[in-house]
Amino acid sequence: MRKRALVVGLGIAGMSAAIGLRRAGWTPVIIERAPERRTGGYFVGLFPEGRQAAVDLGIADHLHTRNPERRPGGNSWSVDRRGRRRPALGFLDQPGEPAAVLRGDIEAALWQSITGVEVRFGTTPVAINDGPAEVQVLLEKAGTGAQYRESFDLVVGADGMRSSVRRIAFGPDEDHLANWKAMICAFQLKEQVPSYEASDSIIIARAKRAVWVFGLADHAPTALLTYRTGDIQEQFSGSRVQRLREVFSGMDDPVVRHVLDSLEEAPDHLFDSVHQVRMPRWSTGRVVLVGDAAWCMNLYSGMGATSSLRGGAALSAALREHPDDLAAALDAWEAGLRPFITKHQRTARLKQQMFVPSSRRAAVLRSVLLGLVRRIRGRRPATEAGGQRAQALSGTSR
């Protein structure tokens, strides 16, 4: 008899885990709080480990990438306080040269690959009772409030940074969320900033606040507004658009004005505080956490989608290696994955300075360092740069 697993969450981590479970011979059932599947979404960079995981999960052929073709002088611009634009290193110029996608591109590829998996929308877990032979879950239907119990061999919490599975099985959010005293707002622009090429990326990084525009090859850009603050709770009071206009007042630049005006017209956006999830262990008994629920590295790390895909692929491999010993499989899965997660959780602090400097001094140092790196990279042979870009676009790993 095939073992059954309940996967909580229909995002990248959840669908990756479901595909991995099915490949290991399990029968996954996915529940999702929302009434329907999300589409669209903000910019995501998929690094080599994520591209390899996409291959391992069998979704690479369905994954549409959107890297702009490189132009002489580059595709990214930094704008200074006087409004002058200069060639800059953008997000896609990082080591590993990530593939540019939208969150929805990855979710669409995963969705095509979970055909036949039962998905229940508008459903949430209320209680989880872990036992030696099975785990009983009390589920609730949104709208009606109807509750029912069901038994599984494993529960996978893939329900994001504020995971309900984590709260039920591991304790309150306060025990696991590290507050980074920063905010982000991500959304899709209707059209590119005037006077820039359609696929250009634009960076305006000042002390404690920054505006990023991520250019794509065949889609309108996406935008990221991010800032540091000492009072997270205050940021959620009142109008979000008005809050952001107040935070970015004084940055009187056409790019900033265009982005803020576009936010008013955006059909949806992500506005949230920045945290990291730190946990000494990602599983207990027959309950395991994956993706942001387990190790949220936050948006600054740039590794959220990559780590979620890798988590699902690695879970599949561990369950296949230990088909009759769930505890051994989860131990092996975590032991293999944790060094990678720990490394990128640590480097996320440095990346935060790249996204939004903590002070004017940090902003100056950031500018100097990135200018130096750009000059060094500019001396690379053209064949080397072209080969790396081709790998990024093809989705192959190194």
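1. Is Trp282 buried or exposed? Trp282 has 1% relative accessibility, so Trp282 counts as buried; the classes are buried under 20% relative accessible area, exposed over 50% and partly exposed in between, with a 1.4 Å probe and protein chains only.

2. Basis of the values. This is a predicted model, in which local features need pLDDT of at least 70 and side-chain atom pairs count only at pLDDT 80 or more, while totals for chains, interfaces and linings use all residues. Residues are numbered from 1 along each chain as its sequence is written, and side-chain values use heavy atoms, with hydrogens and water left out.

3. Aromatic pairs. The structure holds 14 aromatic pairs. Rings of Phe, Tyr and Trp (for Trp, the six-membered ring) pair if their centres lie within 6.5 Å; planes under 30 degrees apart count as stacked, over 60 as edge-to-face and the rest as tilted. Trp282 and Trp333 make an edge-to-face pair, at 5.6 Å centre to centre and 65° between the planes. Trp282 sits in the loop between β16 (270–277) and β17 (283–284) and Trp333 in helix α10, so that this pair links parts of the chain 51 residues apart; helices (H or I, at least four residues) and strands (E, at least two) are DSSP runs, numbered from the N terminus.

4. Trp333 and Trp295. Trp333 is buried, with a relative accessible area of 2%. Trp333 also pairs with Trp295: the ring centres are 6.1 Å apart and the planes are at 40°, so this pair is tilted. Trp295 belongs to helix α8 (residues 292–295) and Trp333 to helix α10, so the pair ties together parts that are 38 residues apart in sequence. Trp295 is buried as well.

5. Aromatic cluster. One aromatic cluster is formed by Phe43, Phe47, Phe91, Trp180, Trp212, Phe214, Tyr300 and Phe355.

6. Packing of α9 on α10. The axes of helix α9 (residues 304–321) and helix α10 (residues 326–355) come within 9 Å and cross at roughly 150°. Axes here are lines fitted to C-alpha atoms, for helices over the stretch in contact, and angles run from 0 to 180 degrees between N-to-C directions. On the α9 side the residues include Arg310, Ala314 and Leu315, and on the α10 side they include Leu330, Trp333 and Leu337; contact means heavy atoms within 4.5 Å. The residues of this contact divide into 11 nonpolar, three polar and one charged, where Ala, Val, Leu, Ile, Met, Phe, Trp, Tyr, Cys and Pro count as nonpolar, Asp, Glu, Lys and Arg as charged, and the others, Gly among them, as polar.

7. Nonpolar cores. The largest nonpolar core has 91 residues, and those with the most contacts inside it are Leu6, Ile106, Leu154, Val155, Leu309 and Trp333. Helix α10 gives the most to this core, with nine residues. Another core, of 27 residues, lies apart from it and has Trp77, Val79, Val213 and Leu260 among its members. A nonpolar core is a set of buried Ala, Val, Leu, Ile, Met, Phe, Trp, Tyr and Cys residues joined through side-chain atoms within 4.5 Å. In soluble globular proteins, nonpolar side chains tend to be buried together.

8. Val155. Leaving aside neighbours within four places in sequence, Val155 is in contact with Leu6, Val8, Ile128, Val135, Val137, Val165, Arg286, Val287 and Val288.

9. Positive phi. Ser195 has phi near 80°, a positive value in a residue other than glycine. Ser195 lies in the loop between β12 (177–188) and β13 (201–206) and, at 61% relative accessibility, counts as exposed. Lys208 likewise has a positive phi, near 70°. Lys208 is in the loop between β13 and β14 (209–214) and counts as partly exposed at 48% relative accessibility.

10. Gly215. Gly215 is in the loop between β14 and β15 (222–228) and is buried, at 1% relative accessibility. Not counting residues up to four places away in sequence, Gly215 touches Pro68, Ser199, Asp200, Ser201 and Pro221. Gly215 and Ser76 are 139 residues apart in sequence and 8.3 Å apart in space, C-alpha to C-alpha.

11. Ser262. Ser262 is in helix α7 (residues 254–265) and counts as buried at 10% relative accessibility. Beyond residues up to four places away in sequence, Ser262 touches Phe187 and Leu189.
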